[in-house]
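This report describes how the parts of one protein chain are arranged. Please keep the sequence and the structure in view while reading.

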Amino acid sequence: MLRVVSSLVGIYALVVLLAWFFQERLLFLPHVGREHVATPAERGLGWQQVDLITEDGVNLDAWWIPTDRPRGSLLFLHGNAGNISHRLDSIQQFHRLGLSVLILDYRGYGRSEGRPSEAGTALDARAGWRWLTEQAGAPADEIVLFGRSLGAAVAAELAASLEAQNQPAAVLLESPFRSVPALGQQLYPLLPVRWLATLDYPTERYVTRIEAPLLVIHSRDDEIIPYTEGEAVFEAANEPKQMLPIMGGHNTGFVESEPGYSAAIDQFLIRLAGLERHPSD
């Protein structure tokens, strides 16, 4: 019996050690779909490739997909796997909503240089914000920040770091989690995740510093990030805010919930962000 117990303790200790050592590889999945699978042109959208340079000198690959009569611009921060070419469905949705879209690949993702990290994704988002405000000439109060899954944490951090006079028109957080330790403890209840975690991404704390109108979008059917995580983020946030429950899987809910998904975002942008559509649209 003692040998069995000792063996189990040893196995558990090994699992804990491996979880600690490989936690960045469990969160950041840049090699899941590294190659581009399509471009916006295949959806009939005009676009241009953009090179972004971060404050620490990393070159990022990005796409700029403008619309002829924009109600505003959207900075798209995607999830933890794949690359910008896997987000064409979402890009097309936002384009139909009258938003010009800048979408970037984090360092280490797609054709971007570097290696992903929590500090790095924050710098990557700032590079996108700078390009929109300085190169594209977009006024801050006409920019929408959008983040899905991991990107929700990145978008929340960016919004929380902006000065009061430089706030975006709105922040959209889809499938957010409270923090990496909090989510990890739910997903791996038998491991001391809160003690092991070196990654944080504290979305729940970031939203307490966001002053722009906030829309939290979450599927009740999400099989990866529980709906209760989105609810907790929403509860922690300041007004004005709105919760949009949708249906469908973590990676497909935004498609499965159409046309209500786009219609709800459209009304939020009009009512709380003041981004009206052009009369002829």
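An open sheet of mixed pairing is formed by 8 strands, in the order 1-2-4-3-5-6-7-8. Strand 1 (48-53) and strand 8 are the edge strands, each pairing on one side only. From one strand to the next, the twist averages 20 degrees. Two strands pair if DSSP finds at least two bridges between them. Strands (E, at least two residues) and helices (H or I, at least four) are DSSP runs, numbered from the N terminus. Angles run from 0 to 180 degrees between N-to-C directions, and axes are lines fitted to C-alpha atoms, for helices over the stretch in contact.

The model is a predicted one, in which local features need pLDDT of at least 70 and side-chain atom pairs count only at pLDDT 80 or more, while totals for chains, interfaces and linings use all residues. Residues are numbered from 1 along each chain as its sequence is written, and side-chain values use heavy atoms, with hydrogens and water left out.

## The chain as a whole

The chain contains 11 helices and 8 strands. Of its 281 residues, 54% count as buried; buried means under 20% relative accessible area, exposed over 50%, and partly exposed in between (1.4 Å probe, protein chains only). Among the contacts with a separation of 6 or more, 75% are between residues 24 or more positions apart. Contact means heavy atoms within 4.5 Å.

Strand 7 (residues 214-219) is largely enclosed by the rest of the structure, because 6 of its 6 residues are buried. Leu214, Val216 and His218 point one way, Leu215, Ile217 and Ser219 point the other way, and all are buried.

Strand 6 (residues 170-174) pairs with strand 7 in the parallel sense over 4 bridges. Val171 has Leu214 as its bridge partner in strand 7, and Glu174 has Ile217. Strand 7 also pairs with strand 8 (residues 241-246) in the parallel sense, over 6 bridges; here the partner of His218 is Pro245. Together with helix 9 (residues 227-236), strands 7 and 8 make a right-handed β-α-β unit. A crossover is right-handed if, with the strands pointing away from the viewer, the path from the first strand over the helix to the second runs clockwise.

In strand 4 (residues 99-104), 6 of the 6 residues are buried. Leu99, Val101 and Ile103 lie on one side, with Ser100, Leu102 and Leu104 on the other.

Strand 2 (residues 59-65) runs antiparallel to strand 4 and is joined to it by 4 bridges, with Trp63 and Ile103 as bridge partners. Strand 3 pairs with strand 4 in the parallel sense over 5 bridges, and Ser73 stands opposite Ser100. The chain passes from strand 3 through helix 3 (residues 88-96) to strand 4 in a right-handed β-α-β crossover.

## Two packed helices

Helix 4 (residues 118-135) and helix 5 (residues 150-161) pack at an angle of about 65 degrees, with their axes 9 Å apart. Helix 4 contributes Thr121, Ala122, Ala125, Arg126 and Trp129 to the contact, and helix 5 contributes Val154, Glu157, Leu158 and Ser161. By class, 5 of these residues are nonpolar, 2 polar and 2 charged. Ala, Val, Leu, Ile, Met, Phe, Trp, Tyr, Cys and Pro count as nonpolar, Asp, Glu, Lys and Arg as charged, and the others, Gly among them, as polar.
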